[in-house]
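Here are a few exercises to work through with the model open beside you. Try each task before you read its solution.

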Amino acid sequence: MKKAGVFDPKRLFGVTTLDVVRAETFVQDITGEKDPSKTVIPVIGGHSGETIVPLFSQAKPAVNIPADKLGPLVKRVQFGGDEVVQAKGGAGSATLSMAYAGFRFTESVIKAIKGEKNIVEPSFVYLPGVSGGDAIAKETGVEFFSVPIELGLSGAEKAQNVLSSVSSEEKQLLEACKAGLKGSIEKGVEFVAKSPETK
């Protein structure tokens, strides 16, 4: 896209809503809330395994998760796709939850395009191309990262920096996340550079 001169970082989204849907759903087993839409939990980082960092410390409204349940809950969010594949005996993946996550993200984009304000969805974006993203890129050491994004008429209008409020447990998760993302991003850039279409 860059070589073709059509790269617009405000309109390039990696949809990570599925991880948020899982976090907001799985935490209900602990809180007892029956409607996941009543809890907002930011999930940052990437979209595979340890690169997924649910920020339960920033849940709105606040949730009380016992220390012995936090680790297993985080792992369940990070590896929820594996759970579904195993439940289906390897014959499928999380198609229904992926469809819902895609719908939720698309609905938010449409609301923002129609002029509705304060629409925020998590998205894996090219941080230097989005307002507020440079500080996050500097802090994480990666240019692509998922954070809550304020959506608007032009697409990704502002990246919300939630890093300053993470808990000590979440800081540890972020270290593993950054290491995993750096390798993945390097492989992706290298793959595109070697692609026949980009030469």
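The exercises below go from confidence to a helix, a strand residue and aromatic rings.

This is a predicted model, in which local features need pLDDT of at least 70 and side-chain atom pairs count only at pLDDT 80 or more, while totals for chains, interfaces and linings use all residues. Residues are numbered from 1 along each chain as its sequence is written, and side-chain values use heavy atoms, with hydrogens and water left out.

**Exercise 1.** Find which element has the lowest mean pLDDT and which the highest.

*Solution.* Start with the chain: its average pLDDT (the predictor's confidence in each residue, from 0 to 100) is 90, and 94% of the residues score at least 70. Next, go through the elements (DSSP runs numbered from the N terminus: helices are H or I, at least four residues, and strands E, at least two). Helix 4 (residues 80–87) comes lowest with 72, and strand 3 (residues 52–54) highest with 97.

**Exercise 2.** Decide whether Ser123 is buried or exposed, and list its contacts beyond four places in sequence.

*Solution.* Locate Ser123 in strand 4. Its relative accessibility is 0%, so Ser123 is buried.

**Exercise 3.** Classify the ring pair of Phe7 and Tyr126.

*Solution.* Recall the criteria: rings of Phe, Tyr and Trp (its six-membered ring) pair if their centres lie within 6.5 Å, and planes under 30 degrees apart are stacked, over 60 edge-to-face and the rest tilted. The structure holds five such pairs. For Phe7 and Tyr126 the centres are 5.5 Å apart and the planes at 70°, so this pair is edge-to-face. Phe7 lies in the segment before strand 1 and Tyr126 in strand 4, so the pair ties together parts 119 residues apart in sequence. To finish, note that Phe7, Phe124, Tyr126 and Phe144 form one aromatic cluster.

Methods. Buried means under 20% relative accessible area, exposed over 50%, partly exposed in between (1.4 Å probe, protein chains only).
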